[in-house]
Amino acid sequence: MTSAAGRNRSGGTVTADEPTILATSASFRPGGSGPMSMRPGPIHHLAAELANAVEAPRICVLNQATGDPEARIGATYAAFAGTRFRASHLQLFPMPNVEDIRAHLLAQDIIWVGGGSVANLCAVWRVHGLDRILHEAWQAGVVLGGVSAGSICWHVGGSTDSFGLRLRGFTDGLGWLPYSNGVHYDAEEQRRPMMHQLIADGTLPDGYATDDGAGLVYRGTRLAEVVADRDGPRGYELRRAADGSVTETPLPTRVLSY
């Protein structure tokens, strides 16, 4: 690991000490003035800290999991307006809004991926070669983060409603983190039993799950810490035993104080 001062890219940008992914069931806080009103959550402030970019973190938001809706993009800019974050977005529907996607993403401190359909997200990324660019950004020290689909995508897979209201297994994630990933673990009735089923029958490997409000901090491919944006949410380790049963172990979870 490099020093706590971070690494410097060629453009002088300070980055994370080592490749870092923040995979969560946590995101923006409600803004208080309507359903699309948001403000940065503690999880975004943690991402800035992990990127060694505390003063003016550059964050690029990707909403391909919901098809890049203009209302959501606009709400994202409104959420970061007047904060220390310098926000941008990358859209791919109906076409990229950035001429040089690689240069734009490599210039960020944080890339944040919103929720929605993880199956559609990964498929669209691969068509545009974004999987390769994001891997390069990860290795360069840009903190990759996201919620729900934006959490599962970095893993082998997880449970998803990408194919309908009944949850199914998704096994076509980017796979940089060699685990399964369960999101919304305490908030949706099907999530916990489905993750147990998918690991028990071998569809998915052992992995980790997060309650709403919790997140997993990976350094390289190692789980370094579990965090939460309030008291209560937890992270869990899920392991398949020799008899095919699944053991669920609550993990120590640090409550963020931002």
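This is a predicted model: local features need pLDDT of at least 70, side-chain atom pairs count only at pLDDT 80 or more; totals for chains, interfaces and linings use all residues.

Residues are numbered from 1 along each chain as its sequence is written, and side-chain values use heavy atoms, with hydrogens and water left out.

**Strand 13**

I take helices (H or I, at least four residues) and strands (E, at least two) as DSSP runs, numbered from the N terminus. In a regular strand the side chains alternate between the two faces of the sheet. I checked strand 13 (residues 207-210) and found both faces covered: Gly207 and Ala209 are buried on one side, Tyr208 and Thr210 on the other.

Next, its partners; two strands pair if DSSP finds at least two bridges between them. Strand 12 (residues 177-182) runs parallel to strand 13, joined by three bridges. Asn181 has Tyr208 in strand 13 as its bridge partner. Strand 16 (residues 235-240) pairs with strand 13 in the antiparallel sense, over four bridges. There, Gly207 has Leu238 as its bridge partner.

**Thr20**

Is Thr20 buried or exposed? Thr20 counts as buried because its relative accessibility is 0%. I located Thr20 in strand 3 (residues 20-24). Leaving out residues up to four places away in sequence, Thr20 touches (heavy atoms within 4.5 Å) several residues, including Leu50, Trp138 and Tyr218.

Key
Buried means under 20% relative accessible area, exposed over 50%, partly exposed in between (1.4 Å probe, protein chains only).
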